[in-house]
Amino acid sequence: MVDHDRLLRTDHLQADLRRRSVRGGAVLVVEQALQFAIQMVAVAVLARLLVPADFGLVAMVVAMTTLVGMLRDLGLSTATVQRADLTHAQVSVLFWLNVGLGVLASLVVAGLAPAVAAFYGDARLTAVTWALAGSFLLASLSAQHLALLRRQMRFASLARIELAAALVGAAAAVGAAWRGAGYWALVTQPLVAQVVLGALVWWSSGWRPQRPKRGAGSGAMLAFGGHLTGFRLATYVAQNLDDVLIGRTAGSAALGLYSKAYSLLMMPVHRISGPVSAVAIPALSRLQHEPRRFREFYLQATLLICAAGMPLVTLLFVMAEEAVLLVLGPQWGGAVPLFRALAPAALFATFNASGSWACVPLGRVRRLFWWQVAASTVVAIALVVGVRWGALGVAAAYSVAVVLTRFPGLAVLLRGTPVSVGDVAAVVTRPAVVSVLAGVGLAGARWLLPTAPGYGAGLAFALGIGVAAFAGLYAGLWGATRAGRQQVRRVVQMFRDLRVPAA
């Protein structure tokens with residue numbers, strides 16, 4: 001007999017929340033680093049087995065179908081994580097709602113396949129859209145199980161599951177491409193990964209749904225999830241309209257270059273902010289009635305993602321040519337200027353999630369939704385203007401819009417919370433200034449670095465020297481002031497916590 005009460009309780013987490021969070025974050029960072037390595041190897045191999053148009057073809061479908069795919073969850077999994085008190089009946093209702101929405105999303109996407117193909121003028125997109133439609137149903141079957149693992153802060157289990165799914169999915173894609181499957185290799189990857197993830201998460205969580213019952217008290221959670229879904233839909237517009245515009249006006253080859261430049265730059269940022277967010281949301285939800293501890297945890301998490309993400313983006317901006325050509329190959333040289341044009345957006349994206357951290361744990365998702373509508377409108381206007389100059393104009397316009405809206409957004413989202421926009425600005429300033437100064441120093445010293453002879457080993461050698469030089473500059477500048485050294489000591493203390501088992 002499954003003890004559902006044990007699977008839903010969170011009171012035992014309060015005893016040592018900080019240490020659990022640090023240890024959980026460390027586990028997820030390691031997992032994300034391994035996932036990043038797997039994806040980089042897979043991307044490097046696939047970029048040589050396929051052509052840019054193959055990536056662009058799949059990106060066209062993803063850009064058009066992600067909007068519908070969001071409806072499969074309606075924010076219900078996050079509601080499960082955020083809720084202070086939860087019952088088995090409530091989670092069961094949410095599970096069956098997720099499944100029903102997954103079925104609906106799959107049918108809608110499949111029905112839209114001919115329209116997607118007609119919009120882009122490529123008949124191949126019909127079959128690709130039909131194939132990817134099934135991923136929405138697969139994902140809906142595991143949404144609540146994943147949410148329960150996050151609610152219980154079982155991050156080690158999550159890490160093993162997600163790593164296994166990523167590895168099997170990447171292997172399936174490379175194997176299919178090697179056998180000449182072309183763009184179908186890219187369709188195979190998410191489907192295989194989702195099947196593996198679903199099977200493992202059902203086995204690991206131990207939770208099984210019951211029949212849905214009326215009067216379970218899920219109404220407030222549905223309202224929460226509805227506003228959160230609205231926020232995600234508005235975010236979708238800001239993050240995918242660029243793909244739609246480029247695919248429509250410039251074709252699959254240009255979109256392939258743009259989408260790989262975007263993913264290559266944003267992937268390491270997401271690999272840093274993703275695990276921190278995965279820890280921050282459930283931890284801050286447990287602290288929603290303790291303002292002082294909420295503020296302290298929030299600012300430490302923001303400092304962590306900025307101190308790790310900002311130098312990485314700056315380094316990639318300076319060493320863009322070496323990074324792009326080494327990972328993707330010589331035929332992807334056209335992605336380098338797009339890569340650099342997107343860098344300002346990536347720099348500010350390092351602390352993009354901090355707005356959600358202030359609203360989701362406190363249940364203020366309505367405010368989050370309306371702000372994202374306003375921000376997405378600004379981004380959409382910028383992209384429509386920028387597309388007149390092709391993919392590079394879109395990249396530059398996206399960066400400008402993100403930079404202009406980030407701090408006004410925080411001012412709105414943080415109002416009435418234990419954290420102020422001044423708190424966040426103070427935390428963000430040091431890693432931003434130190435990263436830029438280190439980048440300027442590296443750029444000025446580039447003439448001392450060896451010129452990369454061709455491709456392969458020469459690029460790797462030049463990139464390695466650049467990374468070492470930048471790391472030295474960054475560490476030296478960070479430790480040059482007393483405040484910087486104090487922050488380093490706090491980070492060291494966090495790592496010491498990893499050696500002490502959580503209660």
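Axes are lines fitted to C-alpha atoms, for helices over the stretch in contact, and angles between N-to-C directions run from 0 to 180 degrees. Helices are DSSP runs (H or I, at least four residues) numbered from the N terminus.

The model here is predicted: local features need pLDDT of at least 70, side-chain atom pairs count only at pLDDT 80 or more, and totals for chains, interfaces and linings use all residues. Residues are numbered from 1 along each chain as its sequence is written, and side-chain values use heavy atoms, with hydrogens and water left out.

**Exercise 1.** Describe how α6 packs against α9.

*Solution.* Start with the axes: those of α6 (residues 124-140) and α9 (residues 184-205) come within 9 Å and cross at roughly 15 degrees. That makes α6 roughly parallel to α9 (angles under 35 degrees count as roughly parallel, over 145 as roughly antiparallel, 65 to 115 as roughly perpendicular and the rest as oblique). Next, find the residues in contact (heavy atoms within 4.5 Å): among them are Ala127, Val128 and Leu138 in α6, and Trp184, Pro190 and Leu191 in α9. Finally, sort the contact by class: 11 nonpolar, 3 polar and no charged residues. Here Ala, Val, Leu, Ile, Met, Phe, Trp, Tyr, Cys and Pro count as nonpolar, Asp, Glu, Lys and Arg as charged, and the others, Gly among them, as polar.

**Exercise 2.** Now try α17 and α18: at what angle do they pack?

*Solution.* Helix α17 (residues 365-386) and helix α18 (residues 390-413) pack at about 155 degrees, their axes 8 Å apart. That makes α17 roughly antiparallel to α18. On the α17 side, the residues that meet α18 include Arg367, Trp371 and Gly386; on the α18 side, Gly390, Tyr398 and Pro408 are among the partners. By class, this contact has 13 nonpolar, 5 polar and 1 charged residues.

Methods. Helix = DSSP H or I, 4+ residues; strand = E, 2+ residues; numbered from the N terminus.
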